[in-house]
Number of protein chains: 2
Amino acid sequence: MNFLEERIVKDGIVKEGNILKVDSFLNHQMDIDLFNQMGEEFKRRFEGKPINKILTIEASGIGIACIVASHFHVPVVFAKKSQSINIDGDVYVAEVESFTHKCKNQVIVSKKFLDENDHVLIIDDFLANGCALQGLLSIVAQAGGTVEGIGIAVEKGFQQGGRIIRNFGYQLESLAIVEGMDAANGTVQFREQ
Amino acid sequence: MNFLEERIVKDGIVKEGNILKVDSFLNHQMDIDLFNQMGEEFKRRFEGKPINKILTIEASGIGIACIVASHFHVPVVFAKKSQSINIDGDVYVAEVESFTHKCKNQVIVSKKFLDENDHVLIIDDFLANGCALQGLLSIVAQAGGTVEGIGIAVEKGFQQGGRIIRNFGYQLESLAIVEGMDAANGTVQFREQ
């Protein structure tokens, strides 16, 4: 097991309905030392890629993306979940369905901050059905930019998102891939990587 | 002028209605090297305080809070803007009015991540009327924790939030305090600190 898998075993909580709660260290309370380990690991896995920007989506992707970015020395852009009056009209838009919140959102990125010269690393905390990720891929495509890779903290390997995106040929690196969970005894099975 | 004031003069955009757009480096695209400078400066200003946790609010506070936290070596907790099905029922709740989005939100923090032993530094990107900040102060009070200080990137000094909160005796440190803006010629006046 790597450092993130060990942490999930130690502090993750398995609930009925294939819910894995990692809110004590990943997406409500955030362990910045752990995020720095993740940053080092993504830096290693995407070594040699000409990444000049990190793209993520609010809210829980932002913290990881910023700490990862401090290892790549590039800026972060985060996709916003609804039209704000402080965003110019000139935006890329994608529709994203949220598994957690059971709703559809439009996410937007200002055209000022993403264009055909950008070589993007996409970072997010979770990958399940892949809707959020497909929204971010759509936004990079609209901009004419290049996706150099995708870095995910926790992938639910028993859902379809990861398989679909790998089939498209993207370098998708998930630090922990959960193959199964058992709420009765609180155990988690990880995919061998 | 300090490093943040210089950056606002260089890249901030003044719009009619006292709107200062800093989305190219602070709250849509995020300059992580700048955030690290902010982290160093907050570390200096809150030197000697027994801070063991940083509290912020989604979404644009999270990036700054995480980078600042990497200088304090403490975890970050962010207040969430609406009830998620993945949050336990046992939460602190505060009501927050958003100037930007012209709406009221409930923000919540799980009781698991804040209690009477916590010495909290509150971090946010903007302070204007102070509603978000008062919500976070209310949450720390509900937890019985201690607010050791408040670190803000940009304060609109001509709005009431900063004055109210300083009158309550908090150490509120804003890296840039905007006293006035002129949309016609694009200039910003800062308070001497």
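In helix α3(B) of this predicted model, the buried residues are G61(B), I62(B), G63(B), I64(B), A65(B), C66(B), I67(B), V68(B), A69(B), H71(B) and F72(B). Because 11 of the 13 residues of α3(B) are buried, the helix is largely enclosed by the rest of the structure. Chain A and chain B together bury about 3,400 Å², and α3(A) gives the most residues to the side of chain A that touches chain B.

**Interface of chain A and chain B**

- The contact involves 42 residues of chain A and 42 residues of chain B.
- Of the area of about 3,400 Å² that the two chains bury between them, 60% lies on carbon and sulfur atoms.
- Two salt bridges are found across this interface.
- One of the salt bridges pairs the side chains of D23(A) and K112(B), with an N to O distance of 3.4 Å.
- Polar contacts link 12 residue pairs between chain A and chain B, counting pairs in which both residues have pLDDT 80 or more.
- On the side of chain A that touches chain B, at least two residues each come from β2 (19-21), β3 (29-30), α2 (32-45), α3, β5 and β7 (103-110) of chain A.
- The greatest share comes from α3(A), which contributes seven residues to that side of chain A.
- Sorted by class, the side of chain A that touches chain B consists of 18 nonpolar, 14 polar and 10 charged residues.

- Most peptide bonds are trans, and most residues other than glycine have a negative phi.
- In chain A, the peptide bond from E58(A) to A59(A) is cis, with omega near 0 degrees.
- A59(A) belongs to the loop that runs between β4 (53-57) and α3 (60-72) of chain A.
- In chain B, a cis peptide bond leads from E58(B) to A59(B), and its omega is near 0 degrees.
- A59(B) is placed in the loop between β4 (53-57) and α3 (60-72) of chain B.

**Residues with positive phi**

- H73(A) is not a glycine, yet its phi is positive, at about 55 degrees.
- The residue H73(A) sits in the loop between α3 and β5 (76-79) of chain A.
- With a relative accessible area of 58%, H73(A) is exposed, because the value is over 50%.
- N18(B), although not a glycine, has a positive phi of about 55 degrees.
- The loop between β1 (13-15) and β2 (19-21) of chain B holds N18(B).
- N18(B) has a relative accessibility of 36% and so counts as partly exposed.

- An unreviewed UniProt entry places the feature "binding site" at A128(A), N129(A), G130(A), C131(A) and A132(A).
- A128(A) is located in the loop between β8 (119-127) and α4 (131-143) of chain A.
- The relative accessible area of A128(A) is 14%, which is under 20%, so the residue is classed as buried.
- Beyond its neighbours within four places in sequence, A128(A) contacts K156(A), Q159(A), Q160(A), G161(A) and G162(A).
- A132(A), by contrast in location, is part of helix α4 of chain A.
- A relative accessible area of 22% makes A132(A) partly exposed.
- When residues up to four places away in sequence are not counted, A132(A) touches I57(A), V96(A) and D124(A).

- R7(B) is a residue of helix α1 (residues 3-11) of chain B.
- R7(B) is buried, with a relative accessible area of 19%.
- The side chains of R7(B) and D31(B) are joined by a polar contact of 2.8 Å.
- Apart from residues up to four places away in sequence, R7(B) touches G12(B), F25(B), D31(B) and L34(B).

Definitions and conventions: Residues numbered from 1 in each chain as written. Chains lettered and ligands numbered in written order. Predicted model: local features only at pLDDT ≥ 70, side-chain atom pairs only at ≥ 80, totals over all residues. Heavy atoms only, no water. Helix = DSSP H or I, 4+ residues; strand = E, 2+ residues; numbered from the N terminus. Buried < 20%, exposed > 50% of the residue type's maximum accessible area, 1.4 Å probe, protein only. UniProt positions renumbered as here; feature names shortened; annotations may be inferred. Contact = heavy atoms within 4.5 Å. Buried area = accessible area lost by both parts, 1.4 Å probe. Salt bridge = Lys/Arg side-chain N within 4 Å of Asp/Glu carboxyl O. Polar contact = N/O pair within 3.5 Å; in protein donor to acceptor, adjacent residues only side chain to side chain. Nonpolar A, V, L, I, M, F, W, Y, C, P; charged D, E, K, R; others polar.
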